[in-house]
Amino acid sequence: MGINHSSSKDDSDRRQNQKDTLGSQRAKVKHLWDLVTQENGGRLFFRSISDLVFFIDKEKKIVWANKAAQQLIGKKRDKIGTLRCFEIFQNRKISCRDCPVTQVFQGDKLQRMEKTTPDGKSWNLNCYPIRNKDNAIEFVLVTGHEITEKIKAQSELQEKEIRYRTLFE
């Protein structure tokens, strides 16, 4: 029985591609850190904030995520860089129709949006353009704060108001 050299070569090529992708991802992260942490203490801030904080590139890949985002995603930082935001947060194969990240890259402005994830959690998202030295938008900084309980409380209040009006009007 002969050795299948093409399979071995394919495996070798695949491993090299993974190494290249990881190297490229590390270079992006370093470049991103250079952009957003020019002041001392910036890294500590992003790592310690309890809201979700992540940076997304033009391909919608998550370039960096803070500890809170990593815990939500369930993956370590070095595994996140190959994933796209819509794959993680919406279990989709294509970008969301109302994607705030796309809107930032296209419209050059801060975007605020409430989104509900497939697990039923509601999130308040803020998406900020991160510019390079040439003033071009290179990344989008996304912060997310869970507002599920707030949404539930508002809904319950509306239901009580309707019942109250029905009883007394």
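Predicted model: local features only at pLDDT ≥ 70, side-chain atom pairs only at ≥ 80, totals over all residues.

1. Strand 3, residues 111-116, and strand 4, residues 122-131, run antiparallel and are joined by six bridges. Within this pairing, Lys115 has Trp123 of strand 4 as its bridge partner. The two strands make a hairpin in which five residues lie between them. Gly120, in the turn, adopts a positive phi of about 90°.

2. Strand 4 also pairs with strand 5, residues 137-146, again in the antiparallel sense, and here there are nine bridges. Leu125 is found opposite Gly144 of strand 5. This hairpin has five residues between its strands, and Asn135 has a positive phi near 70°.

3. Which residues have the most contacts inside the largest nonpolar core? They are Phe54, Ile56, Ile62 and Val142, in a core of 21 residues. At least two residues of this core are supplied by each of strand 1 (52-56), strand 2 (62-65), helix 3 (67-73), helix 5 (85-89), helix 6 (100-107), strand 4 and strand 5. As general background, nonpolar side chains in soluble globular proteins tend to be buried together.

4. Asp57 is placed in the loop between strand 1 and strand 2. Is this residue, Asp57, buried or exposed? Asp57 counts as buried because its relative accessible area is 4%, under the 20% cut-off. Its side chain reaches two backbone nitrogens: that of Glu59 at 3.0 Å and that of Lys61 at 2.9 Å.

5. Ser95 sits in the loop between helix 5 and helix 6. Its relative accessibility is 25%, so Ser95 is classed as partly exposed, a class that lies between the 20% and 50% limits. Leaving aside residues up to four places away in sequence, Ser95 touches Lys60, Phe86 and Thr102. Lys60 is 35 residues from Ser95 along the chain, and the C-alpha atoms of the two are separated by 8.2 Å.

Note on methods. Residues numbered from 1 in each chain as written. Heavy atoms only, no water. Pairing = 2+ DSSP bridges. Helix = DSSP H or I, 4+ residues; strand = E, 2+ residues; numbered from the N terminus. Core = buried A, V, L, I, M, F, W, Y, C linked by side-chain atoms within 4.5 Å. Buried < 20%, exposed > 50% of the residue type's maximum accessible area, 1.4 Å probe, protein only. Polar contact = N/O pair within 3.5 Å; in protein donor to acceptor, adjacent residues only side chain to side chain. Contact = heavy atoms within 4.5 Å.
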